[in-house]
Amino acid sequence: MRGGVAAMVDVSKQPVKKREIFGWCCFDFANSAYTTIIVTVVYAVYFAKVVAKGDARAAGWWGTALAVSQLIVIFGSPLLGAIADVTARKKIYLMISAVVCSVATIGLYFAGAGEVWLALGLIVVANVAFSMGENLCASFLPEISTAQNVGRISGYGWSFGYLGGLLSLVLALVILESGEGRAPWTFVMTGVFFIIACLPTLLLRERARPRQLSKGETYLKLGMAQLKQMVVELPRHRTLALFFLSMLLFMAGLTAVVAFAAIYATQVLEMTQTEVIKLFVVLQLAGVAG
């Protein structure tokens, strides 16, 4: 997604404004509500206890849904990247991903006890949209940063993300403590939070210029060509290849921990939902500082 051969960008003639960096960071602020409330803290537990009615297979279903969504992202990203590069509409596709994730998240409100397939279907849609949005958001970083400040701007985005997760946790805690049976309203809050908080992302400028496909060229062929080029070049960059491999293994483990942390906390450690939220509030504060 970052730097495909189809993208034509001249950043030097279009100075980056601070409001653009702020808008870019706001997308991390917004989408962190989804990962925090839905994937990690509240919905994972709600799915196992309420939707799956405590079925012992619930954790397996949950993990399978997340895995399926990531496989879709793995195979779909080259195509989406090629389309975004050629059409120069990254920002539009980024906002579409936010809307789709938000709507699917709000839809979880209607997946009640026993409606496992509806819940899992919505999770797959939401997680695919979220992950595609992550790719599209990352593709803006080379355009709004330089070699000197890219690390700092990236760090701002991460910090904003933890702040967004923290605020969504506080809102969820307020909703849950307002009365019994309020958990579904945290899903509605999360979807609304995402779509409203990412509005400043519209401040980003689309610096790439669109181009026409060559004769016989398709978006799929272009995406596969870019992927093939990366595979061919990667062996010449041994350090980068090792980094990719280590990141793959590290992130796979981290994702598993994140996806099952709340389920483990409630089922094994016998923590209450409120205690789990308070635990993650502390963790979010540590993340912001980091």
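1. **Ground rules.** What you have here is a predicted model, where local features need pLDDT of at least 70, side-chain atom pairs count only at pLDDT 80 or more, and totals for chains, interfaces and linings use all residues. Residues are numbered from 1 along each chain as its sequence is written, and side-chain values use heavy atoms, with hydrogens and water left out.

2. **P15.** To answer the opening question, P15 sits in the segment before α1. Helices here are DSSP runs (H or I, at least four residues), numbered from the N terminus. With 57% relative accessibility, P15 counts as exposed; the cut-offs are under 20% relative accessible area for buried, over 50% for exposed, and partly exposed in between, using a 1.4 Å probe and protein chains only. Setting aside residues up to four places away in sequence, P15 touches E20, R205 and R207, where contact means heavy atoms within 4.5 Å. Have a look at V50 too: P15 and V50 are 35 residues apart in sequence, and their C-alpha atoms are 51 Å apart in space.

3. **Helix α7.** This helix covers residues 150–176, so to speak 27 residues in a row, and spans 39 Å from its first C-alpha to its last, close to the 39 Å expected at 1.5 Å a residue. The expected span is 1.5 Å times one less than the number of residues. Among the buried residues of α7 are G157, G161, G164 and G165, along with L166, L169 and L173. The partners that the buried residues of α7 pack against are α1 (18–41), α6, α8 and α11.

4. **Helix α9.** Running over residues 219–233, α9 has 15 residues and reaches 21 Å from first C-alpha to last, close to the 21 Å expected. Its buried residues are L222, G223 and Q226. Looking down the axis of α9, these fall within an arc of 100°, so they line one face of the helix; the arc is taken from the directions from the helix axis to the C-beta atoms. They pack against α3 (58–87). On the other side of α9, K221, K228 and V231 are exposed.

5. **The start of α9.** What caps the N-terminal end of this helix? T218 does, with a side-chain oxygen 3.0 Å from the backbone nitrogen of K221.

6. **Two residues of α8.** T190 is in helix α8 and counts as buried because its relative accessibility is 1%. Leaving aside neighbours within four places in sequence, T190 is in contact with A33, Y34, I37, I38 and T105. With residues up to four places away in sequence not counted, W185 touches Y109 and I175.

7. E143 is found in helix α6 (residues 141–144) and is buried, with a relative accessible area of 7%. The side chain of E143 makes a polar contact with the side chain of K90 at 2.8 Å. Such a contact is a pair of N or O atoms within 3.5 Å; within protein, one must be able to donate a hydrogen and the other to accept it, and residues adjacent in sequence count only if both atoms are side-chain atoms.

8. **Positive phi.** Most residues other than glycine have a negative phi. K53, not a glycine, has a positive phi of about 55°. K53 is in the loop between α2 and α3 and is exposed at 59% relative accessibility. E270, also not a glycine, has a positive phi of about 60°. E270 lies in the loop between α10 (238–267) and α11 and is exposed, with a relative accessible area of 66%.

9. **The second largest pocket.** Its volume is about 290 Å³. Of the 13 residues lining this pocket, the closest to its centre are Y46, L176, G181, R182 and A183. The elements giving two or more residues to the lining are α2 (43–51), α8 (183–197) and α11 (273–289), and the largest share, 4 residues, comes from α2. On a 1 Å grid over the protein atoms alone, a pocket is an open set of points where a 1.4 Å probe fits, with protein on both sides within 12 Å along at least five of seven lines; lining residues have an atom within 4 Å of a point. The volume is the space filled by probe spheres set on the points, which are joined across faces, edges and corners.
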